[in-house]
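Trainee: Could you walk me through this one? I'd like to begin with the ligand and then move on to something else.

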Amino acid sequence: MRDLKDTLKSQSLLLPEVEPLTSWSCKRALEEEEAPVMDGSGGQTTSSKDDGLEAKEVGAFQESDSGGPPGDVNRAEPSPQSLQQFVPTDYASYTQEHYCFAGRQIVMQESIESFGAVVWPAAMALCQYLEEHTEELKLRDAKILEIGAGPGLVSIVASILGARVTATDLPDVLGNLQYNLARNTRAGAAHAPEVRELVWGDQLERQLPRAAFYYDYVLASDVVYHHHALDTLLATMAHLAQPGTVLLWANKFRFSTDYEFLDRFRQVFHTTLLAEHPESTVKLFKGVRK
Ligand SMILES: C[S@@+](CC[C@H](N)C(=O)[O-])C[C@H]1O[C@@H](n2cnc3c(N)ncnc32)[C@H](O)[C@@H]1O
């Protein structure tokens, strides 16, 4: 495991250089939080068992979500997938990481065993942008879908800020994603977020027909790096972006292929640079479908 972490670090793939804002209330919450208990077997914490949220409860909250107006197409009939109970992802070791956004302490269960189980630098840049522009973006009650949500920090922050969020990713990370979402939004989020599987480019019109699924925002953080799904990623972004949809894509730029993707992104979307963090090479773009 040490090898994987070293590899990620050496490729600058795991360096959270964008510092989250820490408000006074978060500092205080952090001080009051009981320190996680290490079990001595390589990082597993026991505090996840102590928070009263057993794995079986994680899926149940979705069915009691009463947010959203009647007749809203996104809320009409929850698909079987959206009601699915995801089995907690079975990593050998976990850590608990603390973040502070929207005045709240957010506790994330992370594991270095999967790219989709750690919070990446662009996620923090996007969270920071969301909390600083909540009113301007009209996030309250906005319909949001996040692609490649990973452990879920961006979706959690969007939920806390009042949005109706669907967090998506590959099947193997959904258990941990759902755990983090439920744990951090059960109190204080107007709408309980949903989790669903979305493999980029996979039967998009069947899974998320454009006539039935409209999103005000599509969020994506650090979904562009060295992988072979860049074509299907762009196709997914294009599919989800309808007239009126705003795509907010934050990414740490590491490789020439990241810039090549940006060129292709610009061909599909009217693109605006919203924020830039030169020290971490994280950029945040707004994309509106051409
Ligand atoms: C680098 S991680 C970023 C996670 C999170 N957005 C963040 O910034 O912390 C990339 C995410 O994309 C997901 N992903 C990679 N390939 C994918 C694919 N073909 N379809 C759907 N999700 C994919 C991974 O599972 C992972 O959660």
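Mentor: Keeping in mind that this is a predicted model, we can begin with a nitrogen atom of the ligand, which sits 3.0 Å from a polar backbone atom of Trp200.

Trainee: And what is 2.7 Å from a polar backbone atom of Gly148?

Mentor: That is a nitrogen atom of the ligand, and on the side-chain side there is Ser221, which has a polar atom 2.7 Å from an oxygen atom of the ligand.

Trainee: How much of the ligand's accessible area does the protein cover?

Mentor: On its own the ligand has 590 Å² of accessible area, and the protein covers 93% of that.

Trainee: Switching topic, how do H5 and H7 pack?

Mentor: Helix H5, residues 121-132, and helix H7, residues 153-160, have axes 9 Å apart and meet at an angle of about 10 degrees, and because angles under 35 degrees count as roughly parallel, the two helices are described that way.

Trainee: Which residues make the contact?

Mentor: From H5 they are Ala123, Met124, Leu126, Cys127 and Leu130, while H7 contributes Leu153, Val154, Val157 and Ala158; sorted by class, this contact of H5 with H7 has nine nonpolar residues, with no polar and no charged ones.

Technical notes. Residues numbered from 1 in each chain as written. Predicted model: local features only at pLDDT ≥ 70, side-chain atom pairs only at ≥ 80, totals over all residues. Heavy atoms only, no water. Polar contact = N/O pair within 3.5 Å; in protein donor to acceptor, adjacent residues only side chain to side chain. Areas by Shrake-Rupley, 256 points an atom, 1.4 Å probe, with all protein chains shown as cover. Axes fitted to C-alpha atoms, helices over the stretch in contact; angles between N-to-C directions. Helix = DSSP H or I, 4+ residues; strand = E, 2+ residues; numbered from the N terminus. Parallel < 35°, antiparallel > 145°, perpendicular 65-115°, else oblique. Contact = heavy atoms within 4.5 Å. Nonpolar A, V, L, I, M, F, W, Y, C, P; charged D, E, K, R; others polar.
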